[in-house]
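Here is a short report on the chains shown below. Please read it with the structure open.

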Amino acid sequence: MVRTKGYPEALEKKLHDQRYYSEDSNPEFTKNVKGISRTIAHMCYQCGTCTGSCPSAPRSTYRIRKFMRRAVLGLENESLTDPDLWLCTTCYSCTDRCPRDIAPTDVIMAMRNLAFKRDIIPVNFLKTVQAIYSSGHGVPNNDVNRAARERLGLTRDPPTTHMYPEYMPGIRKIIDHYKLKANADRIVKEREG
Amino acid sequence: MAEKKKTTAKKTEAKKETKHEAPAKQETKKQAPAPVGSTTKQEARIGVFICHCGTNIAGSMDIPAVQEYAKTIPNVAYVDNYKYMCSMPGQGVINKAIKEQKLTGVVVAACSPRLHEPTFRTATKEGGLNPFRFEMANIREQNSWVHMHDQEGSTEKAKDAIRIAVAKASLLQDLFPKAVQVEHAAMVVGAGVAGMQAALDLANAGIKTYLVESTPSIGGRMSQLDKTFPTLDCSQCILTPKMVDVGRAPNIELMTYSEVDAVEGYIGNFDVTIRKKARGVITMAEGEARGIVGGGCNGCGDCEVVCPVVKPNEFEVGMKPRKAIYINHPQVVPLLYTIDFNSCIKCGLCVTSCGEKKAIDLEAKDEFVKVKVGTAILATGFDIFPVEKKTEWGYKKYENVVTSLEFERLICASGPTGGHLIRPSDGETPKKVAFVLCAGSRDNTGNGKPYCSRFCCMYSLKHAHQIIEKIPGCIPYLFYMDIRSFGKMYEEFYYRIQDEGGKFIRGRVANILEDPATKNLHVYADDTLLNRPVDMEVDLVVLAAAVQPMEDTNRTRKLFGVSCSMDGWLLEAHPKLNPCGTTTAGVFLAGVCQGPKDIPDTVASAEGAASAASIPIHKGEVELEPYFAMCIEERCAGCGMCVNLCPFSALALVEKEGRKVMQVTEAKCKGCGTCGGFCPGGAIWMNHFATPQIVAQIDAFLLGGEQ
């Protein structure tokens, strides 16, 4: 719901109606986030321990506290369409320290799940899905790495699907079960042609 | 269902043919009506009074339906309802009905007996019946409140509750409370500001008061503080006059370095055993008693000078040394040295330097003293939460992270640094100080305290003021979640500190890291008002640590039969209407042992406790609930099993007519029913909870009112 006053574009953006309204708040969203995250997402008292602990916050616009606030209020669209949602490194520092014993990391994961249902997801995440589907690794081994491993006296490939490709069908079966690869391919194709 | 069972166990039904009715007005004050077999021909006539409690009850059930049903219950002679049964007109309804309907028992269906049993007993008495012929059916806490959305179910449950209560009321007997004498003396456990205030009030009211303190000096936490908010009085300056008063008051018997070891008895007659820990030093009075002319400790300190053992001083939170023979600070009351026998090497140098005063006894042993008191006040205080458990703030890992109590000693003129605030790492004066509020409070992780410690906001404001005042150019940064300045002149104090230059950052501190080279600290937090993370480099960090009950509180409370809540604070009888009382008659609470309090609230609570504790003493006698056990001697086989089971040592075996029978000391009996439930011969009659009464209640519930 955009309420503007008809100024030129740059100014108009600045003069957007900044308020949120009761109809922006969806109690079902809070319930869904709680259900998926299995944490008390509605109990945040906004102390900021999470953002203070966050390695992403000092070098990005990502504010985990802001997402916690949105979870409390049920601000669904605002949460799911904010690109910052994808800047969490899932390091769990906030979860370690939250004095209310909430798991903010899991709240972010729940929101990402809900966003993906609406096809909201950065392409690089989908490329990771494709990489795992083809190699079993989000970041497959490469020649630079292989050389480094050799210098350190390690095998050229780690003892994973790289060394045991016979396990790949199992991994693909799991991914296919959730139609993850199919959806990733579809969205990537839509965006990149 | 659980509630129903509970109700069943307490109340009863009446369609048993036997009526255990004693004559309505029994004259004998000495003995309650004879138990089993004392059936009378008098017909039970029970009045049932249903309370709406506004909409509390009436809003969740069909009162007319309940009333119509009640009329059909056997023995019910009269039924009425009223909007507020506890109001004066409501009580009038009961009073009038007793007289006009010649009732023999009263059932009020309303709230919990904890709330209004006394009210309705009085109404019953005013109607001309023995007050113990009243029975309550709880249709609010155990019904309408929990079944708010089940009109039909709550109506049926109310019918059950009333039927069960009528069953018991039909079998109730006249009972007469026992009066016991109250010893004209009181005990206060803990001599911090709460205990001292309570003891002074009791003593000034003419009551002999034993003040028991586990450390060598009175004064408690308040004596460790530098200044007090919001008036900025010097803590010692306002406390020491009280300490001196306590030391001098003729009615106060001060027992420092002593602990409560055992408690026996009941309100009016507590027998308390005090362990006087081996102090190794005798007072001048004791010296005189031992015939040493001019002997005993006069506090000269010659012993301390020669003592070779050095230990950390607890009063200075370990930041100053003391000897194995010590006083903690110059203003101790009593001025009497103490030997720490855990570190004393018994070299005897102190004995030599004490000389003719002969005040030191290296072979001293713990002594036990027994005193009798009428009432007791617990004022056991608090300790600091071990904030090193929150590893992210680095307490005990980084030298320049201190607790608020350490800060108090560092800023105090009589403290280890003479009042010069320094960084522990290098002795430099800090120019930037971060205060971490809610350090361990409001924390639900299980590795902290879920409650608000209540006075940390205010003392942190005071700390900010102190550094601004003492160190020109020094900036205090207060990292907070909410500033809770709730008291009189507290919000004004907050205004003042902000005006003086205190910087408030709304964000809980996420973690603290030390720069190994400078020992400066980086404080990481989210400035939630700016929505930006902050990395603040400071010279010193002060953690406003949470508070928790003293370690020994749990042992002490068990001796006095006092409960505690989940967080360990002692449990008051009612959080709003009886905050100083406990569920043990004659035992009261003062100060922080009941929950975090600042000094004004602590003193107010102490005065409240002293007032409450003095009432039974001034009355001279107290009435005990007549719920004691009685022995039916012809059935008693004298086996003595009950004697060993009784948790209150109220029972004994005595010789009567050539055989052994059990005898109850009624004042000691709490009516718990342990003996009655166990007795293999059914020889024990529990007044007011007698077997026929309880069986009738169970029948009333199970048979659903059928004959």
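## A buried strand in chain B

B:Gly105, B:Val107 and B:Ala109 point one way from strand 3 of chain B, B:Val106, B:Val108 and B:Ala110 point the other way, and all are buried. In a regular strand the side chains alternate between the two faces of the sheet. The model is predicted. Strand 3 of chain B covers residues 105-110, and six of its six residues are buried, so the strand is largely enclosed by the rest of the structure.

Strand 3 of chain B has parallel pairings with strand 1 of chain B and with strand 4 of chain B. Strand 1 covers residues 46-51 of chain B. There, B:Phe49 stands opposite B:Val108 of strand 3. Strand 4 of chain B runs over residues 134-138. In strand 4 of chain B, B:Asn138 stands opposite B:Ala110.

## Strand pairings

| Strand pair | Sense | Bridges |
|---|---|---|
| Strand 1 and strand 3 of chain B | parallel | five bridges |
| Strand 3 and strand 4 of chain B | parallel | five bridges |
| Strand 11 and strand 12 of chain B | antiparallel | eight bridges |
| Strand 24 and strand 25 of chain B | antiparallel | five bridges |

## Two open sheets

One open sheet of chain B has three strands in the order 11-12-17, with antiparallel pairing. Strand 11 (258-266) and strand 17 (367-373) of chain B stand at the edges, each with a single partner strand, so one side of each has no neighbour in the sheet. Neighbouring strands here are turned by 20° against each other on average, direction ignored. Strand 12 of chain B spans residues 269-276. Within strand 12 of chain B, B:Asp271 is the bridge partner of B:Glu264.

Another open sheet of chain B holds three strands in the order 24-25-26, again with antiparallel pairing. Its edge strands are strand 24 (509-514) and strand 26 (532-538) of chain B, and each pairs on one side only. Strand 25 of chain B covers residues 521-527. In strand 25 of chain B, B:His522 is the bridge partner of B:Leu513.

## Where chain B meets chain A

Which residues make the contact? Chain B gives 18 residues and chain A gives 15 residues. On the side of chain B that touches chain A, strand 24 and strand 25 of chain B are the elements that give two or more residues. By class, that side of chain B has six nonpolar, seven polar and five charged residues.

## A helix pair

Two packed helices are described by the angle between their axes and the distance between the axes. Helix 13 (residues 456-470) and helix 14 (residues 490-500) of chain B pack at an angle of about 35°, with axes 10 Å apart. The crossing of helix 13 of chain B with helix 14 of chain B is left-handed. From helix 13 of chain B, the contact residues are B:Met458, B:Leu461, B:Ala464, B:His465 and B:Ile468. They meet B:Tyr490, B:Phe493, B:Tyr494, B:Ile497 and B:Glu500 in helix 14 of chain B. The residues of this contact divide into eight nonpolar, one polar and one charged.

## The chains overall

Chain B has 19 helices and 34 strands. Of its 707 residues, 48% are buried. The C-alpha atoms of chain B fill a box of roughly 90 × 75 × 40 Å along the principal axes. Among contacts in chain B with a separation of 6 or more, 71% join residues 24 or more positions apart.

Chain A is assigned domain 1 (20-117) and domain 2 (123-192). The centres of domain 1 and domain 2 of chain A, taken over C-alpha atoms, are 28 Å apart.

Note on methods. Residues numbered from 1 in each chain as written. Chains lettered and ligands numbered in written order. Predicted model: local features only at pLDDT ≥ 70, side-chain atom pairs only at ≥ 80, totals over all residues. Pairing = 2+ DSSP bridges. Helix = DSSP H or I, 4+ residues; strand = E, 2+ residues; numbered from the N terminus. Contact = placed C-beta atoms within 7 Å. Nonpolar A, V, L, I, M, F, W, Y, C, P; charged D, E, K, R; others polar. Buried ≥ 20, exposed ≤ 12 C-beta atoms within 10 Å, placed from the backbone. Axes fitted to C-alpha atoms, helices over the stretch in contact; angles between N-to-C directions. Left-handed = near helix turned anticlockwise from the far one by under 90°. Domains from an automatic or database assignment.
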